[in-house]
Amino acid sequence: MIRFLLRRLAQSLLLLWLVSVIGFAVLHLAPGGPLAEFTLIPGMTTAQLKLIAHQMGLDRPLPVQYWEWFRRMLVGNWGRSYRDSQPVLDVIASHLGPTLELMVSSTIIAILLGTWVGVLGAIRRYSVFDYLATVGAMIALSIPTFWFGLVVIYIFSVELAWLPAGNLYTIGNGSFVDYAVHLISPSIVLALVTIAIWSRYLRASMLEVVNQDYIRTARAKGMPERTILFRHTIRNALLPMITIAGLQLPTLLSGALVTETVFTWPGMGRLFLDSIGYRDYPVVMGILMFSAVLVLLGNLIADLLYAAADPRIRLD
Amino acid sequence: MTDDARADFGCSPTMIHGDMSRRRLLGATAAVGASGLLLPVAARAASKPPTRPTGHMTIGFSQEPTVFNPLMPHIEVDQGVHWNLFSPLWLANEKGELVPQLAAEVPTIANGGISKDGLSWRVKLRPGVKWHDGQPFSASDVKFSFDLLNNPKFRAWSRGGYELMRDIKVESPTEITWTMAKPYAPMISILCWTFMVPEHILGKAADPNTSPFNQAPVGTGAFMWKQRVPGDHITLEANPHYFGTGPYLQEIVFKYIPDLTVMFTQFQTGAIDYIGLQGITADHYAQAKKLKDRTVVVGPAPFVESIMMNLSKPQFKDQVVREALYYGMDNKTIVEQIYYGLPKLTSSYLPTQSWAYNPHVAPHVYDPAKAKSILDAAGWKPGSGGIREKNGVRLSFQNSTTAGNHVREQAQQLLQQNWQDIGVEMKIKNMPPAVIWGDYFNMSHYDTVMVGEDFMTGPDPDVSQFFLSAAIPAKGGAGQNTMEYTNPVVDKLLQEGASTFDHTTRQKDYWKAAELIRHDLPLLAIFQYATIEGTKKNLMGYAPSVYVSTNTWNVNTWYWAT
């Protein structure tokens, strides 16, 4: 176990380093740069631009810039955002909360509904419900989130005026109920696709398990269907879902760009888009490293959970 | 202006015809409010500002304000916040009149504030003004602000004009003097947009570029810093010790809503009380006008949409080509079909509201037959593929603008068609803002760009930075003459116009320059932008202006009618 962890850690560090090199190179070699924001300021001179480039350290050779960035990152100094001159870690932290809030609530909705639809679809295979769920999942997967979000806003906020048209909370209110009400529309919009994916995976996984010998054995020894379902079928069918959930972790924290834009949600997805648009190198690199760590962490956790859930799997 | 603004202005244009009609329009909307059904007529008619700051107001912006040190490089929405936190020495109101703010009066040659030769300046300051932290404001803060702008280590927003200042002297806490290296008339307008910063805070900062002040600003404005939620909103609260009129609102919130359709929806639902930069898109205007309890105002903006040409490219060296291109453009269709008829056609780079706007400049005429005949006469004959050429130069070029701006893309396609009809090939190659408005634009790597630009210097009609031959960045010049336009007569006129304080002389110079530039056609003007913005009907005080880049310049006088 320890050996496995150490090996994974070494692999992960190497991977992270590679991600940082490639990310840094691609970002800086892409056309354009943060100076575009300054060139348009009235009265800006070439000499002044050079000075700004110098102050931002952009006039140094790329390997030097990388080394400076890397050296500081190791000791926890991830630089400052070009947009608002705040430390990168603070910028990320301030956008993490809203994203986490949205993701947790939408994931809970997605898992609950997805599991229900998936399980029911599998045990009542080819029923009306199953067909409806299949068609529904296809539709959910093909609806553009942006459009769906706007439709939800149009119906529930503009026409019916039941729900707010986005935003984290009503400025000046900020009570728990207010937060919760604001979460409803974006969580549902975001959950829709996950419900579809999750229910399809679970249905397939369930169908595989129900034909296994041990289920037949359980049934043969007279175990009630309900117990079979909960103790044997679902438990085993959920195993592959652990991997899917593990892979889901990074998407949870890296934000949902479209949903965040439609619902004016100040999360990570929008931060990433804004930072890319501005060529805010320190923040983009910060988000990149942060996401890479999450991917690796998600995989590791999935592997560990898998081993814990399935005694047949040995990590060494 | 900024990349994003350039991008978005394509979606939010319009225009009305001058100050009078704008005021009339505002007056009309106020009258509608007075007869509104929601509130008793008597209450509306008697509506006046509350005696103490009351209520709060949410402003929607489609870009996020992130720079709060007003002397550092910033964009329009940042300035929209600065107007409320800080004060300039004086400002230009929506009629273009200069109104003293931190200064006790606006210096002129007549009142002796500026010497006859335009070199010595003496500004008397308003006594008793306090910073938000209670410290007194004085002339040394003004000196500090000017010095900071000229500090080579400081990332200054602009040094234009300030670099001419010499011997800045604090004569007394309420009086400051300086000498200019040469007379420079636009200085008075530049100072309209220069906000004073506190010496007692920034003076102690080890590095003014990264001082904590930049995220917790202290000013002399009508509102004080309260809170910023990054990526979401900024809250300011009323300054009880504000020296000027108001404020009448207890709290104002600048809410960042990155998508214009979403911002409009939030305006519909009432989540925002005022829809500011970049406003309502032209395609939503008809719907917006019908909204209940909302006032939608088509106000003027200083930006002019044009095709800028890079005159260093062989295709554009011949004036006849540029003139033919202009004859070949169906600008009317662009405005009517693509921009819903809202912006106003123009052939000038100055907004019609400016005192230096020359109404006699030849208007644009769409005449493809004439375009063809002058090209024929000048020897530009159709070659392979019907594209005209002369001495090995084909009339084929690229046009670029910010990628993803669908309205502009439609206009580009129309122009492509227009010019194909006269035997000119235009290829469209659009790019993301961080690419196009970087070196590609600034160092004149482009053939042509489609861009909405404010050519003035703050509220002053001086356009030197765009048309002086010494303002070509690709040739090491200071300015934004990326068209590489040179005309010695225009140089002389613009220089004379900027160095005299005599209004008549300035106007004469600028009118003449406008005629010459209209003849030379370094850029092909299409229309003057305006903003379509709106407020809730009972929000009073909104006054759009061409003399500012964001219309939150007078929120201190805004209030809720009761």
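Predicted model: local features only at pLDDT ≥ 70, side-chain atom pairs only at ≥ 80, totals over all residues.
Which residues does B:Met483 touch, not counting residues up to four places away in sequence?

Residues are numbered from 1 along each chain as its sequence is written, while chains are lettered from A and ligands numbered from 1 in the order in which they are written.

**View 1. B:Met483 and the residues it touches.** B:Met483 touches B:Met308, B:Met309, B:Asn310, B:Leu311, B:Pro522 and B:Leu523, leaving aside residues up to four places away in sequence; a contact here means that the C-beta atoms, placed from the backbone, lie within 7 Å. To find B:Met483, look in the loop between helix H15 (464-467) and helix H16 (488-499) of chain B. Helices (H or I, at least four residues) and strands (E, at least two) are DSSP runs, numbered from the N terminus. B:Met483 counts as buried because 23 other C-beta atoms lie within 10 Å; the cut-off for buried is 20 or more, with 12 or fewer for exposed and partly exposed in between. B:Asp520 is 37 residues away from B:Met483 along the chain, and their C-alpha atoms are separated by 12 Å.

**View 2. Chain B as a whole.** Chain B holds 17 helices and 21 strands. Its C-alpha atoms fill a box of roughly 75 × 60 × 40 Å along the principal axes. Of the 562 residues of chain B, 56% count as buried.

**View 3. The contact between chain A and chain B.** Here 46 residues from chain A meet 45 residues from chain B. Several helices of chain A give two or more residues to this side, including H5 (88-123) and H7 (145-159). H12(A) gives the most, with 5 residues. The chain A side divides into 21 nonpolar, 19 polar and 6 charged residues. Ala, Val, Leu, Ile, Met, Phe, Trp, Tyr, Cys and Pro count as nonpolar, Asp, Glu, Lys and Arg as charged, and the others, Gly among them, as polar.

**View 4. The two domains of chain A.** Chain A is divided into domain 1 (2-74) and domain 2 (92-309), with bounds from an automatic or database domain assignment. Taken over C-alpha atoms, their centres are separated by 33 Å. Domain 1 of chain A brings 14 residues to the contact and domain 2 of chain A brings 12 residues. On the domain 1 side, helix H1 (residues 2-29) of chain A gives the most, with 9 residues.

Terms used: Contact = placed C-beta atoms within 7 Å.
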